[in-house]
Amino acid sequence: MDATLIADLLYTALRAGTPLALCALGVLIAERAGVLNLGQEGIMLMGAVTGFVVCTETGSYSLGVLASTGVGASMGLLFAGLTQGLYANPVASGLALAVFGSGLSTFIGSDYVGSPLAGIPSLTIPWLSKLPLIGKALFGQDPLLYLAWTLALVTGLVLHRSRHGLVLTAVGENPEVAHRLGIRVALLRTLTACIGAAMTGLGGAYLSLVYTPLWTAEMSAGRGWIALAMVVLAGWRTGGVVAASYLFGFFSIFNLLMQDMGWSMSPNLLAMTPYVFCLLALIILSGKGRFSARRAPTALGQNFHAES
Amino acid sequence: MHHPPTRLATLLALILVLWPGASPVLAAEPLKVAFVHENPVGQGGWTLSHELAREKIEAHFGDAITTTALDGVVPGGDTERVLTKLARGGQQLIFATSFGHMSAAARVSRRFPRVIFEHAAGYTLGRNLGTYQIRAYQGRYLAGYAAGLVTRTNRLGYVGAFPIPEVMRGINAFTLGAKAANPDAQVDVIWISTWSDASRSREAAELLVSKQADVITHHTETSAVVQAADQRGVWSVGYQTDRSAFAPRHHLVSIAHNWFPIYRDKIQSVLDGNWSPEANWVGLEQDATRLEGWGDKVPESVREQVMAQQSRLLSGDLRVFAGPLTDADGQQQVAAGEVITDEALLKMEWLLEGIGGDVPR
C-alpha cells in the first residue's frame, strides 16, 4: 500500500464516521438525561431530506444545515411532547417516529431524486493539509466535519466536566430526587431531547450535503439504529462514542479494501460484523467485570410524572 | 319546484349512456396493467427507467389501458403476496421488474392461469409467464470502448451490487469494449452487496480512484458513484439513466435504458389477443439501450470512434460476445468463431479472465 492510498483511506474513513458520530452524540446527550428516543433513523432521514431540499431551493448551504438542525429539533420536541407531556410509552413513540420520518422523507424527497448538488466544499488549511498521510484527513475536510468535532468536544466538557453535566446525570439516574432538589425534570428532558435530535438532524445533513450530496430514499441506511447501539457500546461516555463511530467508519472502508486485496469474506458475514460487535459489547457490559460500572442511566426510558 | 325540461334531459342522457353500444364509455374495458418494482422510484436508476417508460405507455395507449405501479416490493414472501393481491384484484397483465421477483412470479403465475405475467431480466418462462430484457450489454460495450480510449492509467473501476447475470453481462461487455479499444486496459470490480446504499457506492468509488482508476462506472441505483468520480476529478460512466447532471466536469457518457419499445409491443400483443410467452430481447436496433449525456470534455474523435463501433454493432458486423472467451477459472465459455447464445447470456454467472476483484459467493 502506498502513502496516497493510506492518506485517502484515512480521509474517507473520517468522513464515513462523522454522520454516525453526530447522531450518536445526540443520542448520548438525551440518554444521559434518561430520554430514550429510538426514532433516530427517522430524524436523520428528515434532516437529510430537509437539508437537501432547502439547499437546492435557496442555493445556500448554511440555510440547508440550519433547516436540518431545526427539523431535527422539532422532531425532538414532538417526541418530548409525547413522552414528557402526554406520558406516552417512549419505546413505542420512538419507533413511531422512526417509521414516520422514513415515510415522510421519502414523500418530501420524491421530486428531488434526480437533482444534483455540488456539496459543501472542503477547506484546505494551507501548509498543514500538505502533511504526508494525515494532512488531508485532518486538515483538508469540510466545515461540517470540524463543527462535529467541536460539538464532540463541547459535549464531552459539558457532560463530564461541568455542573450542568451533573444535573443531567441526576435527572437520568433518579428523576424523583432531582425533582425534590428543585430541578425541572420535564423541562430538562425536553431540552435534551431537542438538542439530541437536532444533532441527529445535522448528521442527516452531513449525508445529503457532504458525504453523498444527493437525495435517495432511506439514504441513512440504518445509521440511526447503529448510533443507538454505539452509545451502549461506548458505555455512555463521550470519548467512547466518538471513538466507536470513527472505528465504524474505518471498518466500513476497510472491508471494501479487504475485498480488493482478495482477502474476501462472505458479504453477509461482513454486513453482520458490526452487529456481532455490538452484541459482544452488550454481553461484556452486562457482566460483573471491570466494565460493568459503565451501565445505562438508571431511569433511561422511564417516564417521570412529578407528584406535587 | 319542478323543472320538467331538466329532468327530461337527464332521463334522455341516462338512456343514451345505458343504451347498449350507444356510449363509448362502456364500449371496452381498458386493459389493467400493473408494475411491481423492487426499489423505491425515489432511488432513481433501474426503477426510475421503468417508471419513465410507464409514463410513455400511458400516453401512447390512452384509454385502452390503465396502469398501476407498486414500488418497494422486496424479493421474498412480500413479492408473492403483492403479486397474488394484484392478480386477485383484476389486473390482467403484471410486469415484475426485478430479477429477484423471478421465483415469486413463476409460482403466482401458475396459480392464476388467466393473468399474464412478465418478468424482467430473468430466465424463467411459463404458460402465462414471459420475460424481457434489454441488451444493455451493447451499451456497456460501447461505453467500455470509450473508457478504453480516454484512460491514461489503463485502470477502469466498476462498482457492482450483486453477481447476478444482468450485472455479469455488463461487466464482461464493458471489459470487452475497453480491451477492444485499448488492450492494456484493466477492469477492477468492487462488490457492495446493495443496490441502493449511496454511502457504500461512494466508498467503493473512492477506493477505486485511490487505486489509480481514472474511469469509474457502476451497476447500482444511485448516482453516488458518478458524483464521487467527478469530485475526485476522474471520468465516470453512468448507468440506467442519463447521470451527466451529477458529473458536471468529468462525465464520459451514460448508458440509458429505454423500456418503452418492449412495453409497447408486449401490451399491444395482449390487446390484439396474440400474446405468447416469449423471452424478448431489445437492444440497439430498437433504441432500447443508448448512450446519452456525453461530457463536454470528451474529445470529438472519441465520440466518432464509439459511433463507428455502434454502426458495426447495428449492422451485425460486430458482436459483443464473440469467441474465443475464457472465464476467470480458465474455462472456455465461447469457442473461437462462435457467438454466445441468448440462453447463455441469460444465465451468465462467470466473469472473463483478467478482471480484478473477488466475486462474492
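# A walk through chains A and B

Start with chain B and colour the open sheet of six strands, which runs β2-β1-β3-β4-β5-β11 with parallel pairing. (Strands are DSSP runs of E with at least two residues, helices are runs of H or I with at least four, and both are numbered from the N terminus; two strands pair if DSSP finds at least two bridges between them.) At the edges sit β2 (65-70) and β11 (279-282) of chain B, each pairing on one side only. Neighbouring strands here are turned by 20 degrees against each other on average, direction ignored. (Axes are lines fitted to C-alpha atoms, for helices over the stretch in contact, and angles run from 0 to 180 degrees between N-to-C directions.)

Before going on, a word about what is on screen. This is a predicted model, where local features need pLDDT of at least 70 and side-chain atom pairs count only at pLDDT 80 or more, while totals for chains, interfaces and linings use all residues. Residues are numbered from 1 along each chain as its sequence is written, and chains are lettered from A and ligands numbered from 1 in the order in which they are written.

**Stop 1: the parallel sheet and its helices**

Select β5 (residues 129-134) of chain B along with β11(B): the two pair in the parallel sense over four bridges.

Is B:Val82 buried or exposed? It is buried, because 21 other C-beta atoms lie within 10 Å. (The cut-offs: buried means 20 or more other C-beta atoms within 10 Å of a residue's own, exposed means 12 or fewer, and partly exposed is in between, with C-beta atoms placed from the backbone.) Leaving aside neighbours within four places in sequence, B:Val82 is in contact with B:Val36, B:Leu70 and B:Val73. For a sense of scale, draw a distance to B:Ala228: the C-alpha atoms are separated by 36 Å, and the residues are 146 apart along the chain.

**Stop 2: the mixed sheet**

Still in chain B, select another open sheet of six strands, in the order β7-β6-β8-β9-β10-β12, with mixed pairing. Its edge strands are β7 (186-191) and β12 of chain B, each pairing on one side only. The twist averages 20 degrees from one strand to the next.

Which strands does β10 (residues 251-257) of chain B pair with? With β12(B) it pairs in the antiparallel sense over four bridges, and with β9 (residues 235-240) of chain B in the parallel sense over five bridges. Centre on B:Ser254: its bridge partner in β12(B) is B:Glu292, and B:Gly238 stands opposite B:Ser254 as well. Then look at β12 (residues 289-292) of chain B, where B:Thr289 and B:Leu291 form the covered face, with B:Arg290 and B:Glu292 on the uncovered one.

Zoom out to all of chain B: it has eleven helices and 14 strands, and its C-alpha atoms fill a box of roughly 90 × 45 × 40 Å along the principal axes. Buried residues make up 48% of its 361 residues.

**Stop 3: over to chain A**

Pick A:Met44, in helix α2 (residues 40-58) of chain A. A:Met44 counts as buried because it has 41 C-beta neighbours inside 10 Å. Its contacts, leaving aside neighbours within four places in sequence, include A:Cys23, A:Thr200 and A:Ser220. A:Cys23 is 21 residues away in sequence and 7.7 Å away in space, C-alpha to C-alpha.

Next, helix α3 (residues 61-85) of chain A: its 25 residues reach 34 Å from first C-alpha to last, close to the 36 Å expected at 1.5 Å a residue. (The expected span is 1.5 Å times one less than the number of residues.) After this helix comes A:Tyr87, with a positive phi near 55 degrees.

**Last stop: where the chains meet**

Show both chains: 31 residues of chain A are in contact with 27 residues of chain B. On the chain A side, the elements giving two or more residues are α1 (3-32), α4 (90-109), α11 (238-260) and α12 (267-286). That side divides into 16 nonpolar, 13 polar and two charged residues. (Ala, Val, Leu, Ile, Met, Phe, Trp, Tyr, Cys and Pro count as nonpolar, Asp, Glu, Lys and Arg as charged, and the others, Gly among them, as polar.)

Terms used: Two residues are in contact if their C-beta atoms, placed from the backbone, lie within 7 Å.
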